[in-house]
Amino acid sequence: MAAQAPPPPPPEQKMMVAIDESECSHYALEWALRNLAPRRLILFTVQPFSPLSYLPVGSPRAVGPSVASPELIRSVTEHQRQLAQALVDKAKAICAEHGVDAETVIEVGDPKETICEAAEKLNVDLLILGSHSRGPVQRFFLGSVSNYCSHHAKCPVLVVKKKE
């Protein structure tokens, strides 16, 4: 009787950590690196829409003088892109310290919806988010990205809360 080959190793799980500039986001990344030892990791951040892009610049229906020029809108958008890039670069360096070569993705949009859409589009096995630990009043007015994602993402969601 021939020996049976061992079962194949489980496929590598693709994990995505949604990051922003907050301490809780940084904590969630560090926690995932320490406790989950991911091999396939995507660092994801959302660059918000430029608030200036909603102004009626040069529109024939605009009332009063133009508030923002196209150059100002481009400049603000480019600055936001640079901040987002610096954020993922810093997170990628943290991953490298843990021996993880992470992929980085930056999208523009509303964080709640964009994170869920990206998790689905990138075929993520686990979405990891930090919790801002907002109180009920702040959550009511500001919303909760982690709460939204835990209800709308099409993959498992891990919300990492920092111990107080």
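Me: Which residue of strand 4 is the bridge partner of Val 17?

Reply: In this predicted model, Val 17 has Ile 128 in strand 4 as its bridge partner. Strand 1 and strand 4, the latter spanning residues 126-130, pair in the parallel sense over 3 bridges. Val 17 also stands opposite Leu 43, which belongs to strand 2.

Me: What makes strand 1 and strand 2 a pair?

Reply: Two strands count as paired if at least two bridges are found between them. Strand 1 and strand 2 (residues 40-47) have 5 bridges, in the parallel sense, and therefore meet that condition. Between strand 1 and strand 2 the chain passes through helix 1 (residues 23-35), in a right-handed β-α-β crossover.

Me: Why are strand 3 and strand 5 said to stand at the edges?

Reply: The open sheet has 5 strands in the order 3-2-1-4-5, with parallel pairing. Strand 3 (103-108) and strand 5 (157-160) each have a single partner strand, so one side of each lacks a neighbour in the sheet. From one strand to the next, the twist averages 25°.

Me: Which helices pack on this sheet, and which strands do they touch?

Reply: Helix 3 (residues 111-121) touches strand 1, strand 2, strand 3 and strand 4, and its direction makes about 150° with that of strand 2. Helix 5 (residues 145-152) touches strand 4 and strand 5, and its direction makes about 165° with that of strand 4. The buried residues of helix 3 are Thr 114, Ile 115, Cys 116, Ala 118 and Ala 119. Their cover includes strand 1, strand 2, strand 3, strand 4 and helix 5.

Me: How many residues of strand 1 are buried, and which way do they point?

Reply: In strand 1 (residues 14-18), 5 of the 5 residues are buried. Lys 14, Met 16 and Ala 18 point one way, while Met 15 and Val 17 point the other way. In a regular strand, side chains alternate between the two faces of the sheet.

Me: Why is Arg 40 called partly exposed?

Reply: The class lies between the limits of 20% and 50% relative accessible area. Arg 40 has 36% relative accessibility, and therefore counts as partly exposed. Arg 40 is found in strand 2. Apart from neighbours within four places in sequence, Arg 40 is in contact with Glu 12, Gln 13, Lys 14 and Met 15.

Me: What makes Glu 107 and Lys 121 a salt bridge?

Reply: The criterion is a side-chain nitrogen of Lys or Arg within 4 Å of a carboxyl oxygen of Asp or Glu. The closest N and O atoms of Glu 107 and Lys 121 are 3.2 Å apart, and the pair therefore qualifies. Glu 107 lies in strand 3 and Lys 121 in helix 3, 14 residues apart, so that distant parts of the chain are linked. Lys 121 is exposed, with a relative accessible area of 58%, whereas Glu 107 is partly exposed, at 24%.

Me: How many salt bridges does the structure hold?

Reply: The structure holds 7 salt bridges. Among them is that of Glu 71 with Arg 74, whose closest N and O atoms are 3.5 Å apart. Glu 71 and Arg 74 are 3 residues apart in helix 2 (residues 70-97), and so are separated by about one helical turn.

Definitions and conventions
Residues are numbered from 1 along each chain as its sequence is written. This is a predicted model: local features need pLDDT of at least 70, side-chain atom pairs count only at pLDDT 80 or more; totals for chains, interfaces and linings use all residues. Side-chain values use heavy atoms; hydrogens and water are left out. Buried means under 20% relative accessible area, exposed over 50%, partly exposed in between (1.4 Å probe, protein chains only). Helices (H or I, at least four residues) and strands (E, at least two) are DSSP runs, numbered from the N terminus. A crossover is right-handed if, with the strands pointing away from the viewer, the path from the first strand over the helix to the second runs clockwise. Axes are lines fitted to C-alpha atoms, for helices over the stretch in contact, and angles run from 0 to 180 degrees between N-to-C directions. Contact means heavy atoms within 4.5 Å.
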